[in-house]
Amino acid sequence: MTNWLLGAFAFVGNRTVSGLQGMGRAWGLFLGATASIRNVDVWLPHLLPQMARVGVASVPIALFIATFTGIVMSLQASYTLTGAIPVYFVGTLVGKTMILELGPVLTALTLAGRVGANISAELGTMRVTEQVDALETLAYDPLAYLVVPRVFAAVFMFPIVVLLAIGIGIASGWFTALQLLDMSSPEFVKGLRLFFEPWDVWFAVIKSVSFGAVVTGVGCYFGLQTERGAEGVGRSATRTVVVASMLILCLDAFWATVLL
Amino acid sequence: MERRREALVGLVVMLGVAVGVVGTIWLQGGLRRDMRELRAASQNVGQLVAGAAVRFRGVSVGHVDAVNVAPDGEAVLVHLSVEPDLVLPADAAVLLAPESMFGDWQAEILSRADFELFSFLDYPEEGVLPAAALPDFSRLTATADQIARRLTTISERFEVAFTEETALNLKNAIDNIGAVSDGLSEIITQQAARFEDLSEGVNASAAELGAAARQARLSFERVDSIIANTQVEGMLGDAGATMSNLRELTESMNASLGDLRSAAQRADTTFARLDELLAAAESGDGSLGRLLGDPTLAEGATEAVQELRALLADIQENPRRYLSFSIF
Amino acid sequence: MSIYLTEVRKAFGPKEVLKGFSMSIEDGETAAIVGPSGIGKSVLLKHVVGLLRPDAGSVVVDGVSVPELDRKGLHRLRRRIGYVFQFAALFDSMSIAENVGMGLRRIPGWDRRRIEDRVEDCLSLVELAGMGDRYPAELSGGQRKRAGLARAIAPEPKFLLYDEPTTGLDPVTTSAIDRLILRMRDELGVTGLVVTHDMTSAFRVADRITLLHDGRARFSGTPAEVKAASDPVLKGFVEGDPDLYYRDGWRREGMHAGGQDHGA
């Protein structure tokens with residue numbers, strides 16, 4: 001009995017300590033990366049390639065998801081809004097949800113898998129094959145060389161990808177409304193404009209900036225923490241996706257509380 | 001290779017920014033052209049807020065920029081942005097009214113001559129349009145209630161002589177008014193029921209209207225009992241005015257107005273006049289006896305009631321013509 | 001231009017890898033640290049270049065105490081140190097030429113032409129001339145190792161640290177690498193530190209050989225002294241005789257350097 005209790009306490013204590021350690025390391029990474037921003041000559045040349053990798057390469061998958069989200073939103077909205085509620089509310093629902101929630105969050109969750117896991121695996125492989133150490137020995141700051149351009153690229157490109165996704169999502173919802181729901185364009189647009197605020201777009205942009213930082217930051221963190229070969233690389237990638245997704249949803253709730 | 005990548009990143013960035021900027025502008029309702037600034041002054045503005053639509057002959061021609069109290073505190077200044085090439089009537093005035101039963105308010109630019117009944121505020125400053133705010137339904141019912149209460153007090157306070165015939169005619173007329181207002185409130189209730197979960201407020205106000213009408217009828221019945229065994233005499237000066245108001249109400253309902261809102265506006269004005277009249281009577285101007293004793297009053301009332309009844313029938317037949325509620 | 005390690009201690013969690021290791025490498029000398037895999041040789045090497053900090057003891061390179069350096073100081077020091085990684089640690093995303101040029105691009109005043117010339121020189125030095133456009137994945141293990149060596153020597157370091165330079169190579173490539181190490185010492189006057197478990201190679205390249213055993217320097221001497229020594233542990237290791245090596249009750253269990261020693 002005492003043993004069991006001791007074990008339970010030890011488990012909680014252990015988890016607490018390792019959790020705090022992880023947070024401390026993450027904070028350390030954050031501070032280090034922040035300090036590394038001044039090494040502009042190291043990270044700037046890598047910004048554009050990373051923007052291409054993080055942003056441009058993510059556009060197809062983001063648009064694919066947005067397209068189907070728009071279609072489904074439109075259909076489900078028309079299914080839900082029956083009777084007394086005017087049909088143009090389909091436009092309102094599609095527009096509002098795409099801009100405020102699904103555009104940023106679904107894209108970010110997808111990119112947590114695509115970009116976060118990719119970064120984590122790449123940096124993890126570099127870590128276990130000593131390429132990170134090699135950078136150090138060649139007098140490069142690995143944080144400036146690896147972390148800063150990736151995070152910056154995501155911070156710049158996530159909003160872009162999200163805006164495109166929102167546009168496509170609304171367009172596909174619109175198309176669906178016209179083709180499958182017998183709505184007219186003026187009706188859909190009326191609904192779309194009904195409750196639209198320019199602030200909504202800013203909200204989406206702010207959210208995506210934070211999501212970009214989180215996805216790449218978490219990817220870099222777990223990537224650089226990788227230990228023990230190929231298995232470790234896999235584990236880092238998995239952890240990245242899980243933790244980044246969780247943080248995205250937490251941040252989502254946070255922004256909704258703070259900004260709306 | 002490097003150039004291609006740069007170009008690709010640039011393209012995606014520009015596309016994204018374009019979607020964001022153009023989309024925002026488009027969703028906001030298009031780029032705002034150079035708008036013409038108008039100002040209007042009103043006693044109060046009801047629920048009007050910045051951003052509300054400005055309409056002219058039913059067409060949206062701009063929006064409300066700002067609403068603020070005038071420096072002297074005696075009026076509210078409404079700043080309007082309207083299309084620059086809009087030609088306004090010479091006696092332009094602004095009517096602030098609900099756009100729909102549940103939605104936002106709007107500012108409607110109209111010719112003052114067509115709507116003499118409203119008390120537009122003339123602001124002592126060049127270029128400020130006179131404006132008036134329309135009472136909404138709750139205010140209408142409140143007025144009706146006020147009238148009913150006044151009637152009760154008056155009927156209690158004055159014991160006036162009536163001829164039996166006049167009294168009977170009047171009683172019929174009053175009954176009929178009661179019936180009409182019952183019918184009206186019934187229609188509103190029916191319409192409101194269609195939007196029941198969204199429109200408890202309407203139900204309530206319709207019910208209030210009905211209750212007010214019933215109350216009015218109750219007090220009329222009391223008048224009725226008073227006059228049953230009393231002699232009636234006296235003449236009336238203001239009867240003509242009352243009659244013309246009542247007729248105006250029915251005419252305007254019949255003729256030009258396409259929706260309940262306008263009818264309600266007229267009703268409100270009529271109520272207001274009636275109220276004034278009763279208040280004057282109560283304050284001892286002594287005209288009530290004459291008012292009630294005038295046989296033309298009863299005749300006029302009957303006539304008006306017939307017209308009202310015709311209107312009511314039309315409303316029942318084509319409710320859409322009068323009650324174009326748009327919830328949003 | 002010398003390296004002094006004094007009473008260096010390092011533990012990873014509960015595992016003590018170094019328990020007071022001391023050795024010194026004089027200017028222009030090439031020393032070898034030998035010992036079985038996973039005993040902490042790479043850990044030792046990483047202390048010299050400041051990738052790891054000792055829990056206790058001092059690491060002095062070229063007159064400066066490495067653990068006390070800040071990032072800037074470390075970078076300054078590392079420009080004078082070339083590090084040859086066990087598996088070359090070439091950057092996968094870059095061509096061989098870009099890899100070799102990496103360190104050069106950090107040197108102020110070097111323009112593109114000068115870097116290209118130097119890269120070409122280094123590649124011919126390791127007999128990879130003309131392979132600059134290839135990517136690490138297209139090279140064999142031996143070629144990769146040589147490319148790693150070229151990258152380390154490109155900025156003309158005063159110190160070269162070799163982490164298992166010959167492990168996993170065929171005998172011919174091994175001796176080619178050994179010859180390169182000797183050329184570095186003889187032609188460029190580089191101070192070298194080779195970590196290896198390949199005794200043949202150690203005998204060939206080292207002026208002095210130190211056996212790392214149980215976290216300490218068990219024996220240190222010239223190749224001749226090593227051959228002549230009677231210490232059973234040293235003898236056991238040199239001759240590859242486990243019975244002799246493990247005789248004094250010391251067990252390898254628990255002596256892995258943990259995740260940090262990737263070379264092990």
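**Reading contacts and burial**

Tutor: Start with one residue. Leaving out residues up to four places away in sequence, Q50(A) touches P149(A), R150(A) and A153(A). Touching here means contact: the C-beta atoms, placed from the backbone, lie within 7 Å. Before going on, note that this is a predicted model, where local features need pLDDT of at least 70, side-chain atom pairs count only at pLDDT 80 or more, and totals for chains, interfaces and linings use all residues. Residues are numbered from 1 along each chain as its sequence is written, while chains are lettered from A and ligands numbered from 1 in the order in which they are written.

Student: Where does Q50(A) lie?

Tutor: Helices are DSSP runs of H or I with at least four residues, strands are runs of E with at least two, and both are numbered from the N terminus. Q50(A) belongs to helix α2 (residues 40–55) of chain A. Now compare sequence with space. Q50(A) and A154(A) are 104 residues apart in sequence, yet their C-alpha atoms are 8.1 Å apart.

Student: Why does Q50(A) count as buried?

Tutor: Count neighbours. A residue is buried if 20 or more other C-beta atoms lie within 10 Å of its own, exposed if 12 or fewer, and partly exposed in between. Q50(A) has 24 C-beta neighbours inside 10 Å, so Q50(A) counts as buried.

**Helices**

Student: How do I check the length of a helix?

Tutor: The expected span is 1.5 Å times one less than the number of residues. Helix α9 (residues 229–259) of chain A has 31 residues, so the span should be 45 Å; the end C-alpha atoms are 43 Å apart, which agrees. Helix α5 (residues 141–153) of chain C has 13 residues and reaches 19 Å, close to the 18 Å expected.

Student: Which elements cover the buried residues of α9(A)?

Tutor: They include α4 (89–128) and α8 (198–225) of chain A. Among the buried residues of α9(A) are V233(A), A237(A), T240(A) and A244(A). An α-helix has 3.6 residues a turn, so residues three or four places apart point the same way.

Student: Is α5(C) mostly covered or mostly open?

Tutor: Mostly covered: 10 of its 13 residues are buried. These include R144(C), L149(C) and I153(C). The cover over the buried residues of α5(C) includes β6, α3 (96–101) and α4 (112–125) of chain C.

**Strands**

Student: What about strands?

Tutor: Two strands pair if DSSP finds at least two bridges between them. In chain C, β1 (residues 3–12) and β4 (residues 56–61) pair antiparallel over five bridges. There L5(C) stands opposite V59(C). Two bridges also join β4(C) to β5 (residues 64–65) of chain C, again antiparallel. V60(C) faces S65(C) in that pair. The hairpin of β4(C) and β5(C) has two residues between the strands, and D62(C) takes a positive phi near 55°.

**Confidence**

Student: What is the mean pLDDT of chain B?

Tutor: pLDDT is the predictor's confidence in each residue, from 0 to 100. Chain B has a mean of 63, and 37% of its residues reach 70 or more. Over residues 252–259 of chain B, pLDDT stays under 50. Where pLDDT is low, the predicted coordinates should not be read in detail.

Key: Contact = placed C-beta atoms within 7 Å.
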